[in-house]
Amino acid sequence: MDPNLSCLILFNLICLVACTSDNHQHNGSHHYDYCVVGGGPAGLQMGYFLSKAQRNYIILERNSGPGSFFNKYPRHRKLISINKVHTGRQNREFNLRHDWNSLLSDDPNLLFKRVSREFYPPADTFPLYLSMFVKELGLRVLYGVDIGKIRAVQSQTARRYLLTDQHGSHYLCSILLVATGLWVPQTVDFVGSDLVEGYESISTNPEDFKNQAVLILGKGNSAFETAQSILGSASRVHMLSSSPVRLAWQTHYVGDLRAVNNELIDTYQLKSLDGLVESRLEKIVIARKKDNGASRSGGKRKEKTEQLYLTLKKYVNVKNSSDVTREELPSHHIDNFPMRKPYDRVIRCLGFRFNFSIFDSSACPPNSENAKGRLPGLTAWYEATDTPGLFVLGTAGHSRDYRASAGGFVHGFRYTVRAVHRVLEQRYHTNNWPSTTLLTTQLQSWILKRVGEASGPYQMFAVLGDLILLRGSDCVYLDEFPLQALPQFSSLSGHTVPSRGLIVVLMQYGKKKIDYLGSNRAETDWTKAWKSNFLHPVLYYYETLPTKDDMKLLPEGWPLPRPKAIHHMVEDFLTEWESPISHIQPLRRFLEHCLQTDLRTFYAESCFRSSLTHHKPPPFCQQGYLKQQGVIHSSELQQNFPTSGLSG
């Protein structure tokens, strides 16, 4: 070979290697076990658990700081998540029941009340809290990384996910955790929809609506929040959607209309110009009709003002046209049509949807069957259906409990994120679901403690529940397992159900529709606890795990299949299930029935007599007195000695 040719080939090879190396550095290929897409509350919550477990992870956030959604939304800058700083209790777990903004961590001081003590805090405080959460816990977050494409890469041994950002950099991960929230505005295609303003872009200055007639499409919290802000400025505000208003205090769903936003209901019911109307948006037309106005004095004419009319599709002759004649207006056909007068502005407030556009076909989760397909379809453990290794967290994972619990909100999904992390620890690191082994004589007290203070089952009612694996003289207690995943319990938790069965402890509302402000709204008789209407503990006893088929055949309104035995603890006005007759004694009898054992407690003298007269004394005596443990130590008893006249 010609030496010059050899040198030329060698030179070209060197250049090719150098260019490839430079290109690799430019593309920035990074490898992680876990990629979390989204630096909002759900992403940071997962980041905390991954960091605590010392996993190889990264959080990718497209903006310059965490929780950027809250820099813009809600538009009128007041959160409707409760921030109850003063509860009269020092119990940290109990207080989380009434703190809807804090994330979970081992730091007792890392709470939202450090940035705001207002009951309904300003929205600007939430990004501040999230920034504090990132800094003080040292979470690994990359800002300014806008993931625009996600695809699955299948090798002979594993399936991984390749993420590409706006600069062409690649991030390769084994497990993908999507926590992008909902930020794409939900729209409905109808004639004249191009004439409508969006919630995401409207002015938040009430003066800009002065003396204007406004039509708002939607009746959720964003719609009512907008209406409330302009009630004092607009001449009239009408609201239209396909369904009537659903009030959160009636449905017990925090995503429905909250009382803090419902002033327009007052002005509607008291007939002060505002109103609510129902119609499917697909059947309406928002149309223009020019009005030249009247002549001013001096012969000058007013400027032409464009007003918008609402009409119905069936009255419009020229389809897909937003310019109509007088004969195409509904008032021509129905002279008292409720929305016959024109509007100056029409505003769309229909909420948000999941951003499916960043996924290619190899990694895209399916649309959910509920929520009008706005959310991704997920398994009961929040893994995308038919997309293994891709989990959806936070608000975007709300399809699992849409309109049924609080999984779409911080105070709910902080617990579902923890549940997902426990699934990951078992599946990929063989760490079983955390559990506590208890003597059967300790079980009643443990249950009473959990129902009295635990925040996870309280917030995620009918979705997360505690499981008790019955093993005879002792039992294994697991916190906050996803109830719809019971058929997969062993594979998800690493535990097996013993032959004696299991008990599920959860919180749920009554199934009967009642007047929640009526005189008979609450049940106080413990013998009728099953009629309880408000949130209360319910225990389900199963001899074997429910199957997949069982979960498909739930009785109407039930969160679980029919059990071998069920026990309702009667609802309590103070949500403190500790009354000896109404709560504790019925619970003990239920547990005795399930365990087939005596759970009564005894004085030492009674244990002594029982040991002399019975072949097998009660378990309390066996596990305490007869093992020379005497009476269980209690500092509270010692404190009461002086006042009771007892002395040591």
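Accessible areas here come from the Shrake-Rupley method with a 1.4 Å probe, and for residues only the protein chains shown count as cover. By that method the chain exposes about 32,600 Å², of which carbon and sulfur atoms supply 50%. The model is a predicted one, in which local features need pLDDT of at least 70 and side-chain atom pairs count only at pLDDT 80 or more, while totals for chains, interfaces and linings use all residues. Residues are numbered from 1 along each chain as its sequence is written, and side-chain values use heavy atoms, with hydrogens and water left out.

**Whole chain**

Start with everything shown as a cartoon. The secondary structure comes to 16 helices and 22 strands; helices (H or I, at least four residues) and strands (E, at least two) are DSSP runs, numbered from the N terminus. Of the 648 residues in the chain, 50% are buried. Buried means under 20% relative accessible area, exposed over 50%, and partly exposed in between (1.4 Å probe, protein chains only). A contact means heavy atoms within 4.5 Å. Among contacts between residues at least 6 apart in sequence, 65% join residues at least 24 apart.

Two strands pair if DSSP finds at least two bridges between them. Strand 9 (residues 213–217) and strand 10 (residues 236–241) have five bridges in the parallel sense, and Ile216 has Met239 in strand 10 as its bridge partner.

Move to residues 464–470, which are strand 18; seven of its seven residues are buried. In a regular strand the side chains alternate between the two faces of the sheet. On one side of strand 18 are Leu464, Asp466, Ile468 and Leu470, on the other Gly465, Leu467 and Leu469, and all are buried.

Gly465 stands opposite Phe481 of strand 19. The two strands form a hairpin with three residues between them, and Gly472 in the turn has a positive phi of about 105 degrees.

Strand 18 also pairs with strand 20 (residues 502–508), in the antiparallel sense over four bridges. Here the bridge partner of Leu467 is Val504. Seven of the seven residues of strand 20 are buried, so this strand is largely enclosed by the rest of the structure. Next select strand 21 (residues 536–542), which pairs with strand 20 in the antiparallel sense over seven bridges. Leu506 stands opposite Val538 in strand 21.

**The nonpolar cores**

Which residues of the largest nonpolar core touch the most other members? Select Leu163, Leu176, Leu177 and Val504, out of 119 residues in this core. Helix 8 (residues 410–429) gives the most to this core, with eight residues. A nonpolar core is a set of buried Ala, Val, Leu, Ile, Met, Phe, Trp, Tyr and Cys residues joined through side-chain atoms within 4.5 Å. A second, separate core has 26 residues, including Cys475, Ala565, Trp577 and Leu599.

Helix 8 also holds Glu425, which counts as buried because its relative accessibility is 9%. Leaving aside neighbours within four places in sequence, Glu425 is in contact with Ala53, Arg55, Thr430 and Asn431.

**Aromatic pairs**

Finish with the rings. The structure holds 25 aromatic pairs. Rings of Phe, Tyr and Trp (its six-membered ring) pair if their centres lie within 6.5 Å; planes under 30 degrees apart count as stacked, over 60 as edge-to-face and the rest as tilted. Tyr129 and Phe133 form a tilted pair, 6.2 Å centre to centre with 45 degrees between the planes. Both lie in helix 4 (residues 125–137), four residues apart, and both are buried. Tyr540 and Tyr542 have ring centres 6.4 Å apart and planes at 5 degrees, so that pair is stacked.
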